[in-house]
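Trainee: I am new to reading structures. Could you go through this one with me?
Mentor: Gladly, let's take a look together.

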Amino acid sequence: MTDGDLINKFLNGPDTSEGTNAFNTLVWRWEKPMYNFILRYLGKQEEARDLTQQVFIKVYRNLTRLKDRERFSAWIYQIAANLCRDVIKQKRRNRAYSLESLQESGALDEAAHPALTLLPEAALHPDRIVSRNELRDILEKALQEIPEEQRVVVIMKEYQGLKFTEIAEALGVSVNTIKSRMYYGLSALKKILAQWQFDEEAMLYDV
Amino acid sequence: MTCDDNKILLMDFLYNEIAPEAETLVRAHLQNCAACRGEYETLSRTSLTLKAWENEDPRLHLTFVRESSSWLGALKEKLFPAEAPRWGKLASVAAGIALGVLLISALLNTEISFNNGNFAYRTSLLPRQGTTAEADSQLVAQVRQQVETQYQRLLLASQQQQRDELNRTLAQFAAEISRQRQSDLQLVGEGLDAFQQHTDSRLQRNNEMLNQLLQTVIFKPQQ
């Protein structure tokens, strides 16, 4: 049964048990992709869980407004991306406020916070073979380093396996812009991983 | 084909989304341009590295449950739909603001008057016409006079009430005193009666004893 079939079944009787079952099937089908998308976007597991729930609540409330049932994939990614963007904006506002108070207290002096503390543990010891968990942490931090508009494209392409046209549709920008962001995002990640003296060889010696 | 064109085509090529004719062009360019070839190789390695972060289990198992709908919930849903269309939201906000303005203007133009013991109020959406400073001062004087009259009346009534209260209390007090006195006198009388009765009975007993003694003396047998 396609997503479109499930949606039709749900919309034909949202208050019936068949409708609820159809919607829950849709949720179980999309729960993992949504969670992993949000997790890679924001980098926080707890936050990703909360936001995944919010995505499905939004889907539940707005599904009647989805005209083309076959565009569900682009639509749900659009909802998730918007929610993530809102969270980031909110955090930026909060951080701007807290940075102000930190600056006043002098806690932001470079001596007190050297830039190296931001690097993942494994990046500080490049000779060491990294485990899969450490590799995951490195990639999580590396993704957070690149601009948000490139990060979302990289995640949708590399992890969610969407086509460039689907990404363009979900984010509401042209396909060429998406490809260009993908190129710059990937190049930026390449540079960051090289700076941390980490390359794919570490992965080959995975323990 | 230039190296700059290549950035977009390189992405198509890397992710197998390239048209067959473009693919031939890219392959040809990569063969001739070492810089682009190097870039393609490192980018494809980076892409491979990213894949090392595998999907994680959210451990969520979200399940939506049907709510038993209450009439209150249904009404709320009808009045305030979760995701009302934009114009609907705008309309309700506009209606709210209009209602607020009407309410405030009505409150601002409310008049409450007190005349000869009667309260009266009038409210209007527009301010009352024809109010001048003279009319205002006249109104103030009128109100002041009414207040003073009323005050005097209340004062007199209060004084009268106090007097009545005092008189009533004094009368009650006097009645209480006289009743007390009467009962005291009665008690004294009863006491005297009892004392007299007691004395009488003792005298009588004494007489009887004396009589017995006398008889004993009189009828004493001769020796």
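Trainee: Which residue is the bridge partner of Glu111(B) in strand 2 of chain B?

Mentor: Please keep in mind that this is a predicted model. To answer you, look across from one strand to the other: Glu111(B) has Arg122(B) as its bridge partner in strand 2 of chain B. Likewise, Ser113(B) is bridged to Ala120(B). Strand 1 (residues 111–115) and strand 2 (residues 118–122) of chain B pair in the antiparallel sense, over 5 bridges.

Trainee: How many residues lie between the strands of that hairpin?

Mentor: There are 2 residues between the strands, and Asn116(B) takes a positive phi near 50 degrees in this hairpin.

Trainee: And how many residues of strand 1 of chain B are buried?

Mentor: Here is a general idea for strands: in a regular strand, side chains alternate between the two faces of the sheet. In this case, the number buried among the 5 residues of strand 1 of chain B is 0, so that strand lies largely in the open. Strand 2 of chain B is hardly covered, with a buried count of 0 among its 5 residues.

Trainee: Which residues are buried in helix 3 of chain B?

Mentor: With a helix, check each side around the axis. In helix 3 of chain B, the buried ones are Cys36(B), Glu39(B), Thr46(B), Thr49(B) and Leu50(B). They sit on the same side of the helix because they cover an arc of only 145 degrees around its axis. The face turned away from that buried side carries exposed residues, including Arg37(B), Glu41(B) and Leu48(B).

Trainee: What distance does helix 3 of chain B reach?

Mentor: Helix 3 (residues 34–50) of chain B has 17 residues and reaches 24 Å from its first C-alpha to its last, close to the 24 Å expected at 1.5 Å a residue.

Terms used:
Residues are numbered from 1 along each chain as its sequence is written. Chains are lettered from A and ligands numbered from 1 in the order in which they are written. This is a predicted model: local features need pLDDT of at least 70, side-chain atom pairs count only at pLDDT 80 or more; totals for chains, interfaces and linings use all residues. Helices (H or I, at least four residues) and strands (E, at least two) are DSSP runs, numbered from the N terminus. The expected span of a helix is 1.5 Å times one less than its number of residues. A residue is buried if 20 or more other C-beta atoms lie within 10 Å of its own, exposed if 12 or fewer, and partly exposed in between; C-beta atoms are placed from the backbone. The arc is that of the directions from the helix axis to the C-beta atoms. Two strands pair if DSSP finds at least two bridges between them.
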